[in-house]
Amino acid sequence: MNERIETNNPEATEVLGEKLGREARAGQIYCLSGDLGVGKTVFTKGFAKGLGITEHVTSPTFAIVNEYEGRLPLYHFDVYRISCEEEMEDTGYEEYFYGEGVCLVEWAELVKELIPADAVWITIEKDYTKDDDYRRITIRQEG
């Protein structure tokens, strides 16, 4: 799978996340890549909504992982502050990655060696030659 979507406002980015959340299945891992402020958390809020989660979703920058209950449990990781594989192991990530919920990992490229081959990679990019709210979102799954 390799798909490219363009959105022109945060609401459209959230709607795309919601669509993918509705389609998510237990055991799936979604990896989010993109610069600071590009809309990863906006996308995640929509994804959570698609899983039927009504709690307020925030980026787990300091907690590393936030857990939410919905149709499936959502484990939202932000590994920006992880500096080595051992730190990731301290989070107990394997229980989340190979459990019954869905994992969404921001900055997953920083721990790429730990990500299963069948993960879905989502890259969100701005294009500064276009509108400030424009986003190019690439979704790919290799495994």
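Y75, F77, Y93, Y96 and F97 form one aromatic cluster. The model is predicted, so local features need pLDDT of at least 70 and side-chain atom pairs count only at pLDDT 80 or more, while totals for chains, interfaces and linings use all residues. Residues are numbered from 1 along each chain as its sequence is written, and side-chain values use heavy atoms, with hydrogens and water left out.

A pair of aromatic rings is described by the distance of the centres and the angle of the planes. Here, rings of Phe, Tyr and Trp (its six-membered ring) pair if their centres lie within 6.5 Å; planes under 30 degrees apart count as stacked, over 60 as edge-to-face and the rest as tilted. By this rule there are seven aromatic pairs. Two of them involve F77.

| Pair | Centre distance | Plane angle | Type |
|---|---|---|---|
| F77 and Y96 | 5.4 Å | 85° | edge-to-face |
| F77 and F97 | 5.7 Å | 75° | edge-to-face |

What does the pair of F77 and Y96 tie together? F77 lies in strand β4 and Y96 in helix α4 (residues 93–97), so the pair ties together parts that are 19 residues apart in sequence. F97 is also in helix α4, 20 residues from F77. Helices (H or I, at least four residues) and strands (E, at least two) are DSSP runs, numbered from the N terminus.

Is F77 buried or exposed? Its relative accessibility is 0%, so F77 counts as buried. Y96 has 15% and also counts as buried. F97 is buried as well. Buried means under 20% relative accessible area, exposed over 50%, partly exposed in between (1.4 Å probe, protein chains only).

Now the sheet. Seven strands form an open sheet in the order β1-β7-β6-β2-β5-β4-β3, with mixed pairing. Two strands pair if DSSP finds at least two bridges between them. The edge strands, β1 (2–7) and β3 (65–68), each pair on one side only. Strands β2 (residues 29–33) and β5 (residues 102–106) run parallel and share four bridges. In β5, E106 is the bridge partner of L32.

Helix α2 (residues 40–50) lies across β2, β4 (74–78), β5 and β6, running at about 170° to β5. Axes are lines fitted to C-alpha atoms, for helices over the stretch in contact, and angles run from 0 to 180 degrees between N-to-C directions.

How values were computed: Contact = heavy atoms within 4.5 Å.
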